[in-house]
Amino acid sequence: MRNHGSFWLLYLLILVVIFIKVYPRTRRVVDDPVVAKEQLVWPNPLEKQAAPVEKPRVRPTQGTVRPEYLQQAHKCMRDQLATKVDRDVWEDFSKVVKNCTPYDEMRIKIYSNAERYNYFQRPARYDENPFLKNGCNLVTIGTSEDMQAELSFSKDFPACKFLGADPKPEKERQYVQVGKFVNQLITLNGTTAGNSTAIGIVPFFTEHLQESKIVDALWMDNEYEEYDLLPAILRTDPLFQAGYRICQLQVEVHGHLEKPEIIAKWARFVRQLFDEGRYLPVHSMQSVHIRTFLFNFGDDECFTRFVETFSFDSDEFYPINE
């Protein structure tokens, strides 16, 4: 028994000697990062561990330099659609948007109801943003019987004003939960082939949006009137000429493939849209109809309300999609 005890004592002494000789070497760190990565470092539990260093918080800043991710997406879509014939512009539109979209780099929230999905780029989080200080305008042309999307939007942005228009008078009861309802059909120049009472889009905005000419979001489902209304947002057309700026547009474009003249209208609008370089389709889906979301990053008023720029002592800008 004594021999066994002596053996284990000697064995423990040998382990202690090995530990003393090896331990200091394993703790020595070299300056070469490649060697340091491979070197084994044993932490000493008796040493006080340094507190983790917090990264400085960077506040969103207002700026007008367009981020590269928006410019690249615009060029990608424009180049892919430029050579297509009218029918292919219709049939391939959503595919091209999906291939090029900067959706993941943007701060988009979806406001939905039983009928529609409305996409919205959330406002920039800098202190002087007029959207956050003064509220906003949300206009719905072709209101829904399900008001869940508008009610959710109102909960998120209680200072915003709502304006809805629809030729069906029974929809007023639902819409007045959030804002003003106009029982009229909105057309380009106030004329209609049907029995509805119509008003032109410029008089509609002039009469009912008197405090601001910025429309932060326009949700449109206007039963084929969109083919004439959409070009109104272009620089050469009446809505822009009257000083109105549509920052975000969610629109349902109704399918009419059996009518080449209708498809030609859509293709002409898409080409003009990309030639101007102000609006970017961010999301689109289609079957019979096209449902697409356009974001106006070209106008400074819209850009500064909805796009954040983060300066890290350099000229680079980074999207934060939180």
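## Helix 3 against helix 4

In this predicted model, the crossing of helix 3 and helix 4 is right-handed. Helix 3 spans residues 68–82 and helix 4 spans residues 86–100, and their axes come within 10 Å of one another, crossing at roughly 150°. Because angles over 145 degrees count as roughly antiparallel, helix 3 is roughly antiparallel to helix 4.

On the side of helix 3, the contact is made by Ala-73, Cys-76, Met-77, Gln-80 and Leu-81, while helix 4 contributes Val-89, Phe-93, Val-96, Val-97, Asn-99 and Cys-100. Sorted by class, the residues of this contact between helix 3 and helix 4 comprise nine nonpolar and two polar residues, with no charged ones.

## Helix 3 against helix 11

Helix 3 also crosses helix 11, which covers residues 260–276; the two axes come within 10 Å, and the crossing angle is roughly 140°. Helix 3 and helix 11 are therefore oblique to each other, and the crossing of this pair is left-handed.

The residues of helix 3 that take part are His-74, Met-77, Arg-78 and Leu-81, and they meet Val-270, Leu-273 and Phe-274 of helix 11. The contact of helix 3 with helix 11 divides into five nonpolar residues, one polar residue and one charged residue. Met-77 and Leu-81 of helix 3 are listed in the contact with helix 4 and also in the contact with helix 11.

## The largest pocket

The volume of the largest pocket in the predicted model is about 210 Å³. Its lining is formed by 14 residues, of which Asp-166, Lys-168, Lys-171, Asp-221 and Glu-223 are the closest to the centre of the pocket.

The elements that supply two or more residues to the lining of the second largest pocket are strand 3 (137–141), strand 4 (161–165) and helix 8 (201–208).

Methods: Residues are numbered from 1 along each chain as its sequence is written. This is a predicted model: local features need pLDDT of at least 70, side-chain atom pairs count only at pLDDT 80 or more; totals for chains, interfaces and linings use all residues. Side-chain values use heavy atoms; hydrogens and water are left out. Axes are lines fitted to C-alpha atoms, for helices over the stretch in contact, and angles run from 0 to 180 degrees between N-to-C directions. Helices (H or I, at least four residues) and strands (E, at least two) are DSSP runs, numbered from the N terminus. Angles under 35 degrees count as roughly parallel, over 145 as roughly antiparallel, 65 to 115 as roughly perpendicular and the rest as oblique. A crossing is left-handed if the near helix is turned anticlockwise from the far one by less than a right angle, and right-handed if clockwise. Contact means heavy atoms within 4.5 Å. Ala, Val, Leu, Ile, Met, Phe, Trp, Tyr, Cys and Pro count as nonpolar, Asp, Glu, Lys and Arg as charged, and the others, Gly among them, as polar. On a 1 Å grid over the protein atoms alone, a cavity is a set of points where a 1.4 Å probe fits but cannot get out, and a pocket is an open set with protein on both sides within 12 Å along at least five of seven lines; lining residues have an atom within 4 Å of a point. Grid points are joined across faces, edges and corners, and a volume is the space filled by probe spheres set on the points.
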